[in-house]
Amino acid sequence: YQRRVHGVREDFVPPQYLTFFRRLQDEVPPELDPPAVQAAVEVALRGPLSKLFRSLELEPCGAATIGQVHRGVLHDGREVAVKVQYPNAEHGFRGDVSLLIRFCRMALPQHVKPLEELERQFATEFDYRAEADLLERIADNVMPHFGKRVVIPRPVPDLCAKTVLTMDFLRGDQLVTGLRANFSAIAAREGKTLAELEAERRRPLPSWRMRLYASMLHGRNAADAAAAWLQNQTIGRLGWRREAQPLPVPLDVMGIIELLCAVHAHELFHDGLFNADPHPGNILLLPDGRLGLIDYVRWAS
């Protein structure tokens, strides 16, 4: 957990360590091979894989500290993410923490209470049924207010167990990855490197100016697409065809930050139930511009 925290601290973690720590947000090497995944799902959900899912990719699309995630399709066509917990995750964690507490009682008693609090905080992390219930509650709280700008996956209750969680699959990139891809496209158009563009825009424009600029670019791209279509339908038939050349529209970084703060503040101050681990790996940038908020395994109220 501390390593994931270090992965967002550019202010004091050296770059060579920062790269490694960031991988722990969702690129931890998976522990389960395909036969083990199938066995774990069938045992937890008490049925053969063919009856539970139309299809399930046994190679993971992501992995974290205590489990890995697989893409699947239900028999009704709904695309889902299936999170499978490692068999010895809970036992290993509790054994390690218990050993640390016993050692600290003898040698470093000032660390006993923080470790006991850590153990309490992780008490429900190993029961995916609690996370499924929390996803429903958080979605019911947040979506009526922010549903046009964020998405929280809903669980599939019949396909959830203590060690398996099935929920909506959200297609998208990690927020940081999506922002860097957007900046890379803009940098290439302007003939700059990504580092040069990031240095220039270290202080982003106010959100209202970014929205105005983005609207102008969307209008320009729409006009260019219409002109290309018109040309291709007329003189293009004689050989003078052309493709539309849309300009990349910069993402509103300040607007995204403000939205994330607003959602978290709503969870914290209005609902009293919030994600206690909102690191960048738990925020997705979806193709339609909305944010996907995932992984509510660690929460507080």
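**A loop leucine and its surroundings**

Leu159 is buried, because its relative accessibility is 9% and the cut-off for buried is under 20%. The model is a predicted one. Leu159 belongs to the loop that joins strand 5 (150–151) and strand 6 (164–168).

Which residues does Leu159 touch, leaving aside neighbours within four places in sequence? They are Leu45, Leu52, Phe53, Leu74, Val164, Leu165 and Thr166. Val82 is 77 residues away from Leu159 in sequence. In space, the C-alpha atoms of Leu159 and Val82 are 8.9 Å apart.

Next, a helix pair. Helix 7 (residues 128–146) packs with helix 11 (residues 253–271). The angle is about 130°, and the axes lie 11 Å apart. Helix 7 is therefore oblique to helix 11. The crossing of helix 7 with helix 11 is right-handed.

Helix 7 brings Ile138, Asn141, Val142, His145 and Phe146 to the contact. Helix 11 meets them with Leu259, Ala262, Val263, His266, Glu267 and Asp271. By type, the residues of this contact are 6 nonpolar, 3 polar and 2 charged.

Last, the cysteines. How many disulfides does a search of the whole structure find? The count is 0. Cys104 is buried, because its relative accessibility is 5%. Cys61 has a relative accessible area of 40%, so Cys61 counts as partly exposed.

Conventions:
Residues are numbered from 1 along each chain as its sequence is written. This is a predicted model: local features need pLDDT of at least 70, side-chain atom pairs count only at pLDDT 80 or more; totals for chains, interfaces and linings use all residues. Side-chain values use heavy atoms; hydrogens and water are left out. Axes are lines fitted to C-alpha atoms, for helices over the stretch in contact, and angles run from 0 to 180 degrees between N-to-C directions. Helices (H or I, at least four residues) and strands (E, at least two) are DSSP runs, numbered from the N terminus. Angles under 35 degrees count as roughly parallel, over 145 as roughly antiparallel, 65 to 115 as roughly perpendicular and the rest as oblique. A crossing is left-handed if the near helix is turned anticlockwise from the far one by less than a right angle, and right-handed if clockwise. Contact means heavy atoms within 4.5 Å. Ala, Val, Leu, Ile, Met, Phe, Trp, Tyr, Cys and Pro count as nonpolar, Asp, Glu, Lys and Arg as charged, and the others, Gly among them, as polar. A disulfide is a pair of cysteine sulfur atoms within 2.5 Å. Buried means under 20% relative accessible area, exposed over 50%, partly exposed in between (1.4 Å probe, protein chains only).
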